[in-house]
Amino acid sequence: MESETRDQPDSDISPQKELHNHKFDYSTQDFQMLRKAIEESSLFRLAFYFLDYILRAQTSLFEQIHSQQKLPRIIASMSILCAFLSAIYGSVMGMNHSFLLTISSAIKLPILFLLTAIICIPSLYTFNVLLGQRFRFLQTVALMVMTLGTTTILLASLAPLAFFFALTTKDYYFLLLMHVAIFGLCGIYGVQYLYRGCSYIAFRMEQPLNSLLLRIWIAIYAVVGMQLGWRLRPFIGSVDSPFELFRSEESGNFYIAVWNSIISLFGRR
């Protein structure tokens with residue numbers, strides 16, 4: 001009996017046991033359905049499959065990225081999902097001001113996520129390679145896009161809340177701080193998804209994850225996103241101000257603007 005156990009072929013059973021022991025268990029049925037959807041569905045339909053899988057079967061997505069199969073389709077479809085969901089939230093951000101700002105914010109928020117990814121992906125991949133991680137470039141891109149997918153799903157889920165406050169208050173500083181808080185909450189969860197995905201792929205490649213590097217990169221990603229958001233503003237506007245596609249003044253930064261908003265909101269008598 002002992003020899004029979006040793007001589008069993010190294011099939012999917014062994015990895016599944018290991019994954020379970022490392023809290024990375026996933027359903028074989030979910031994984032097979034995901035692979036079938038990736039192969040047979042259009043990019044737009046596949047985007048909504050990803051919406052479901054991000055919410056309830058993340059490890060199946062990580063396994064698909066680890067397999068390096070159909071990564072361009074995954075990246076393209078997930079990008080469509082990110083653009084669609086971020087446009088929804090962007091439109092809610094601008095609706096307190098005017099129709100023009102609603103349209104402008106719906107266009108600029110997907111651009112913000114796209115530019116953040118373009119700026120940050122090369123550094124993440126390069127640092128990983130230099131420090132010994134064996135992630136492929138497309139794997140890195142797929143993980144980044146899925147991180148943005150997670151963030152935008154959460155943003156879209158909170159859009160009704162933001163919509164409610166946009167209808168019930170015209171206080172610019174309150175709305176600004178509310179949106180900053182929502183973005184912060186969704187961004188934190190999104191980078192947790194990135195960390196989990198990198199940990200999974202490093203585990204499947206049988207190598208340690210460089211956690212320090214990843215945390216440094218996450219900080220860079222947050223700073224880049226916030227500063228880009230500052231440069232692409234306004235996303236929301238004071239009802240007393242005219243519509244502007246971009247703010248003309250050059251001084252200040254994101255952090256000063258948030259601090260001034262806190263002072264303006266809570267410093268009133």
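1. Let's start with tyrosine 193: at 2% relative accessibility, tyrosine 193 counts as buried (under 20% relative accessible area; over 50% is exposed, in between is partly exposed, with a 1.4 Å probe and protein chains only). This is a predicted model, where local features need pLDDT of at least 70, side-chain atom pairs count only at pLDDT 80 or more, and totals for chains, interfaces and linings use all residues. Residues are numbered from 1 along each chain as its sequence is written, and side-chain values use heavy atoms, leaving out hydrogens and water.

2. Next, the rings. Phenylalanine 62 and tyrosine 200 form a tilted aromatic pair, 6.1 Å centre to centre with 35° between the planes (rings of Phe, Tyr and Trp, with its six-membered ring, pair if their centres lie within 6.5 Å; planes under 30 degrees apart are stacked, over 60 edge-to-face, the rest tilted). Phenylalanine 62 lies in helix α5 and tyrosine 200 in helix α9, so the pair ties together parts 138 residues apart in sequence (helices are DSSP runs of H or I, at least four residues, numbered from the N terminus). Ring pairs link Phe62, Tyr193 and Tyr200 into a cluster.

3. How buried are the partners? Phenylalanine 62 has a relative accessible area of 0%, and tyrosine 200 is buried with 0%.

4. Now look at glutamate 63, which is also in helix α5 (residues 58-67). Glutamate 63 is buried, with a relative accessible area of 8%. Its side chain makes a polar contact with the side chain of tyrosine 200 (2.2 Å); such a contact is a pair of N or O atoms within 3.5 Å, and within protein one must be able to donate a hydrogen and the other to accept it, while residues adjacent in sequence count only if both atoms are side-chain atoms.

5. Finally, α5 as a whole: 9 of its 10 residues are buried.

Terms used. Helices (H or I, at least four residues) and strands (E, at least two) are DSSP runs, numbered from the N terminus.
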